[in-house]
Amino acid sequence: MSVFLYPGRSLAEDIEFNRDIRPILSDHCFTCHGPDAANRKTRLRFDIESGAKVDLGKNRYAILPGDPQNSEIIRRITSQNPAVRMPPAYAGRARLNDRDIEKVRQWIAQGAHWQPFWSFIPPKGPTPPAVEATGVGCAIPSTLSS
Ligand code: HEC
């Protein structure tokens, strides 16, 4: 039996951003790290890829593709210290459940591949026939041209 292995990819579970990760971020993080600029506390935002992978300074990144160990997001969501943990205890938020934490960890280990919001992904299906380029101008019906 031959199995094609991708480095860093777990055979156990293949994580898909839109299906597995986006719902966690939007449910638990968007209030403070999302599209609403008024609520955003730092440059960190999880609704766009560039904001989620932004340089936090001092060589720190919330998401370091392939390296969950050094991803700030993992340090924060797994922290037992309520002053450090995200989402924050002071906001009355509970710790993420272990399953969600594990998904985020796996996703980062697998390379943290981002996907655009589902509505922007063109539906998969037969490609529509290409529209043939016509010559310059319009064809004039022969009844009018004589
Ligand atoms: C109630 C608001 C709130 C929610 C919800 C929230 N955060 Fe935060 N987050 C903050 C604030 C405020 C800071 C800056 C203060 C600090 O570092 O603790 C922060 C900082 C962070 C940092 C560190 C940024 C840096 O520059 O070091 C990370 C990583 C982070 N949040 C991840 C998350 C994740 C992941 C979630 C969802 C699971 C989340 N946060 C949910 C308010 C929130």
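A residue is called buried if 20 or more other C-beta atoms lie within 10 Å of its own, exposed if 12 or fewer do, and partly exposed in between, with the C-beta atoms placed from the backbone. By that count Arg-40 is partly exposed, because it has 17 C-beta neighbours inside 10 Å. This is a predicted model, in which local features need pLDDT of at least 70 and side-chain atom pairs count only at pLDDT 80 or more, while totals for chains, interfaces and linings use all residues. Residues are numbered from 1 along each chain as its sequence is written.

**Overall build**
- The chain holds six helices and two strands, where helices (H or I, at least four residues) and strands (E, at least two) are DSSP runs numbered from the N terminus.
- Read from the N terminus, these elements follow the order α-α-α-β-β-α-α-α.
- Of the 146 residues in the chain, 14% are buried.

**Around the ligand**
- The ligand has 20 residues around it, of which Cys-29, Cys-32, Lys-41, Met-86 and Ala-91 come nearest; a residue is near a molecule if its C-beta atom, placed from the backbone, lies within 6 Å of it.
- Helix H2 (30–33) and helix H4 (72–78) each supply at least two residues of this shell, and H4 gives the most, with four residues.

**Arg-40**
- Arg-40 is found in the loop between H2 and helix H3 (49–52), and its C-alpha is 8.8 Å from that of Phe-30, ten residues away in sequence.
- Leaving aside neighbours within four places in sequence, Arg-40 is in contact (C-beta atoms, placed from the backbone, within 7 Å) with Cys-32, His-33 and Arg-45.

- Beyond its neighbours within four places in sequence, Ile-74 is in contact with Pro-68, Val-104, Arg-105 and Ile-108.

**Backbone features in loops**
- A cis peptide bond, with omega about -5°, joins Met-86 and Pro-87, and Pro-87 is found in the loop between H4 and H5.
- Lys-58, in the loop between strand S1 (55–57) and strand S2 (60–61), has a positive phi near 50° and counts as exposed because it has 5 C-beta neighbours inside 10 Å.
- Ala-112, in the loop between H5 and helix H6 (142–145), also has a positive phi near 50°, but counts as buried because it has 23 C-beta neighbours inside 10 Å.

Note on methods: Two residues are in contact if their C-beta atoms, placed from the backbone, lie within 7 Å.
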